Amino acid sequence: MVENSKEEAPKRSLNFIEEMVERDLAQGKNDGRVQTRFPPEPNGYLHIGHAKAICLDFGIAQKYGGVCNLRFDDTNPTKENVEYVDAIKEDINWLGFQWGNEYYASDYFQQLWDFAVELIKEGKAYIDQQSQEEIAAQKGTPTQPGINSPYRDRPIEENLQLFYHMNTDEAVEGSMVLRAKIDMASSSMQFRDPIIYRIVKTPHHRTGTKWKAYPMYDFAHGQSDFFEGVTHSLCTLEFVPHRPLYDLFIDWLKKGQDLDDHRSRQTEFNKLNLNYTLLSKRNLLALVKEGFVSGWDDPRMPTICGYRRRGYTPESIKMFVDRIGYTKFDALNDIALMESAIREDLNARATRVSAVINPVKLIITNYPENQQEILTAINNPEDENAGTHTISCGRELWIEREDFMEDAPAKYFRLSPGREVRLKNAYIVLCTGCKKDAQGNVEEVYCEYIPETKTGQADCNRKVKGTIHWVSVNHGIKAEVRLYDRLWKVENPRDELARLTGEEGLPIIDAMHRMFNDNSLEIRTECYVEEFLANTKPLDHFQFQRIGYFCTDKDSTPDHLIFNRTVSLKDTWSKINK
Ligand code: ATP
Ligand code: MG
C-alpha cells in the first residue's frame, strides 16, 4: 500500500476558479448549487482553445456535483448555421462530456424583446438613427467622455414605435439601433450607451424570418445565464470590460432583489494560445474558404475534428489542458506540451507495427527462394495484456532507405557492408553490399541471415548494436502516408497576423500566405505496411516502429490504405535499440 501511494501522481492544487467555487459553496451562495454552461456561437468548428473552456465548464460542474448545459449563442444569423451546431455537439461528445440541457439564446428572443420594451418604457433605452461611424465617434476615449446622441431624449412612445418598426419587413439594416441609456461619461466604455439591438435581415437557422431585430451579445449573454440559473459564468479574459454591463443588465432584470447570493457571476480566465498555431474561428474559416487546407478537419487544423483525424485522443487533449492550467494572464503555450501528452497516451495504447515509408529492397541472399515464416510481434511492450500478432517474413524485404549507407561512419549501427544488425522480430543479418543504378542511387541492398539468431530463440545470445524494422515484399501492403508539419512558419501567428494586417496593412489572406508553411503536408504514396493493417478502421492508432505514431485516415479503405502521422517519436533510437 505504502509503495503504491508513493507512485501516485501528486495531486495538483486548486486553480483560482475552483477556489472561488469552493468559497461560494462554503458561503451557501446560490443555495449551494453549481451550474455552468459552455456557450459556443455556432459560427465555425470548435478548436483546441474551446477544449480548454469545455474542460473547465464541464469539469467544474462534474467536480462539484453540478450541471453544465450547452448553450448556443446564436444571435448573429449572418454567420451561423446548423452544420456548425451539429459539429460542435459531436466534438463535445467525442471529448467525453455530456451536457445537461441543450439551450439556444434564440429561445430567449421573445423574453429579451419584452425586457427591451420594458427598458424603453422605463426610459432606460432609446432608438438611435445615427450611423455606426457617428455613434463610434461620439463614444469618446478612455480619457475623454463621450457625447450624447441627439436622439437620446426621444419620447418613450416614439422609441417604442421605432423599436417595433425595427422588427418589421420594412426595417432597413443599419438604419437604427436600440441603445441602453446609461452614462456617456462613464469611466467604463461599455457603459457609454451600448447598442443592445440591431436590424439583421438574414434568416436565422432556427427562428427563420420571425425576427429582424436581434439582441447584441451583451444584451443576450448575461440574461441567458440568468434565465437558465447559471451560477458561475466562465469566459475568457477579453470579456473583463463587459463584466459591469453583464452585472447591470442582471440587476435591471432582477429589479434589485436578493442580489448578492442568487445570481450568476462572470469570471474570466486566460485564452489558450499555442505557438505555431492560429486559433479563432474567423481565421480558421478563412483557411478553409481560401483552400489553404482541405477542410475544417484537415489534420493540420487546430480544430477538435482536425486533431481527431490526425490521431489525437480525447485523453491526450484533456491531459494537455490540465497541465497548462487556468490563470489570469495571457500566455503562449508550447505545442511541444501537447505533443508530449499525445505521445504519453499513445505509448500506453498504440499497437506497434512495421511500416516502411521510404522503401528500398533488401534481399537476404542465403534465405531459400520460396521460404516464408510466420513470426510473432509484441503488440505493446508497455501493456502486457495487449497480446501479440503475427508477421510474415520472406527472402525480400522493404527497409528504409536511411537504414543503409555504403560508406558509413563508425557509429552508424545500421546496414553497411560488413556490419550486422537485427531485423526486428526476425534474425541478425550481415550486410554484404548493394546494387546501384547509373546515377549511383541504391536499387537493392544485399545481406545474409544467420539462422540461429532468430528472435526469441532460447540459445541466441549474440548481440548487435542496431535493430531495424522491415516489411516483407510478398506480404506487405502498399499504403499512402501523410506527414504533417506545423501550418505556420512563425512562432506567434496570432500576433504576427495582427502586425501584418495592422502595421503593414496587408489583407488577411496575403498575410496568411506570408506566414504559411508550404511544407506542412508531405504525401508519400509508395509506402509499405505489414499485412496486419489490412483491415484497419478509420481512427485506429498505431506506432510505426522507429517512425512515429500514426492514425488511419477517415478516407482509408482496404484498397487504398491511408495513414496520418499524429506525431513523431521523440527519441527514435534509445527505445528501439534494445
Ligand atoms: P473564436 O475567436 O475562436 O471565434 P470565440 O470566443 O468567438 O472564439 P465562442 O464560440 O464565442 O468563440 O466561444 C465559446 C467559449 O469558448 C467562450 O466561453 C470563449 O471564451 C471560449 N474560448 C474561445 N476561444 C478560446 C481559447 N482560445 N481559449 C480558451 N477558451 C476559449
Ligand atoms: Mg465569437
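**Helix packing and selected residues in a predicted model**

Val-293 lies in the loop between α10 (281-289) and α11 (304-310). Helices (H or I, at least four residues) and strands (E, at least two) are DSSP runs, numbered from the N terminus. The model is predicted, so local features need pLDDT of at least 70 and side-chain atom pairs count only at pLDDT 80 or more, while totals for chains, interfaces and linings use all residues. Residues are numbered from 1 along each chain as its sequence is written, chains are lettered from A and ligands numbered from 1 in the order in which they are written, and side-chain values use heavy atoms, with hydrogens and water left out.

Val-293 counts as buried because its relative accessibility is 6%. Buried means under 20% relative accessible area, exposed means over 50%, and partly exposed lies in between (1.4 Å probe, protein chains only). Contact means heavy atoms within 4.5 Å. With neighbours within four places in sequence left aside, Val-293 is in contact with Leu-287, Val-288, Asp-298, Arg-300, Met-301 and Leu-487. Asp-403 is 110 residues away from Val-293 along the chain, and the C-alpha atoms of the two are separated by 33 Å.

The protein as a whole has 16 helices and 25 strands. Its C-alpha trace spans about 100 × 60 × 40 Å along the principal axes. Of the 578 residues in the protein, 53% are buried. Among contacts with a separation of 6 or more, 72% join residues 24 or more positions apart.

Helix α8 (residues 217-228) packs against two other helices, α9 and α5. Just after α8 comes Gly-229, with a positive phi of about 85°.

The partner α9 covers residues 243-254. α8 and α9 pack at an angle of about 55°, and their axes are 9 Å apart. Axes are lines fitted to C-alpha atoms, for helices over the stretch in contact, and angles run from 0 to 180 degrees between N-to-C directions. The angle makes α8 oblique to α9. Angles under 35 degrees count as roughly parallel, over 145 as roughly antiparallel, 65 to 115 as roughly perpendicular and the rest as oblique. α8 passes α9 in a right-handed crossing. A crossing is right-handed if the near helix is turned clockwise from the far one by less than a right angle, and left-handed if anticlockwise. On the α8 side, the contact is made by Asp-218, Phe-219, His-221, Gly-222, Gln-223, Asp-225, Phe-226 and Phe-227. On the α9 side, Leu-245, Tyr-246, Phe-249, Ile-250, Leu-253 and Lys-254 take part. By class, this contact of α8 with α9 has eight nonpolar, three polar and three charged residues. Ala, Val, Leu, Ile, Met, Phe, Trp, Tyr, Cys and Pro count as nonpolar, Asp, Glu, Lys and Arg as charged, and the others, Gly among them, as polar.

Helix α5 (residues 109-121) also meets α8. The two axes come within 11 Å and cross at roughly 110°. That makes α5 roughly perpendicular to α8. The crossing of α5 and α8 is right-handed. Gln-111, Leu-112, Phe-115, Ala-116 and Leu-119 of α5 meet Phe-219, Ala-220, Gln-223 and Phe-227 of α8. The residues of this contact of α5 with α8 divide into seven nonpolar, two polar and no charged. In α5, the buried residues are Phe-109, Leu-112, Trp-113, Phe-115, Ala-116, Val-117, Leu-119 and Ile-120. α5 has 13 residues and reaches 18 Å from its first C-alpha to its last, close to the expected 18 Å. Gly-123 follows α5, and its phi is positive, near 75°.

Most residues other than glycine have a negative phi. Asn-30 is not a glycine, yet its phi is positive, about 50°. Asn-30 is in the loop between α2 (16-26) and β1 (35-38). At a relative accessible area of 7%, Asn-30 is buried. Tyr-276, also not a glycine, has a positive phi of about 60°. Tyr-276 lies in the loop between β9 (265-269) and α10.

Thr-566 lies in strand β25 (residues 561-568). Thr-566 is buried, with a relative accessible area of 0%. Beyond its neighbours within four places in sequence, Thr-566 is in contact with Arg-310, Gly-311, Tyr-312, Ile-342, Leu-346, Tyr-549, Phe-550 and Cys-551.

Conventions
The expected span of a helix is 1.5 Å times one less than its number of residues.
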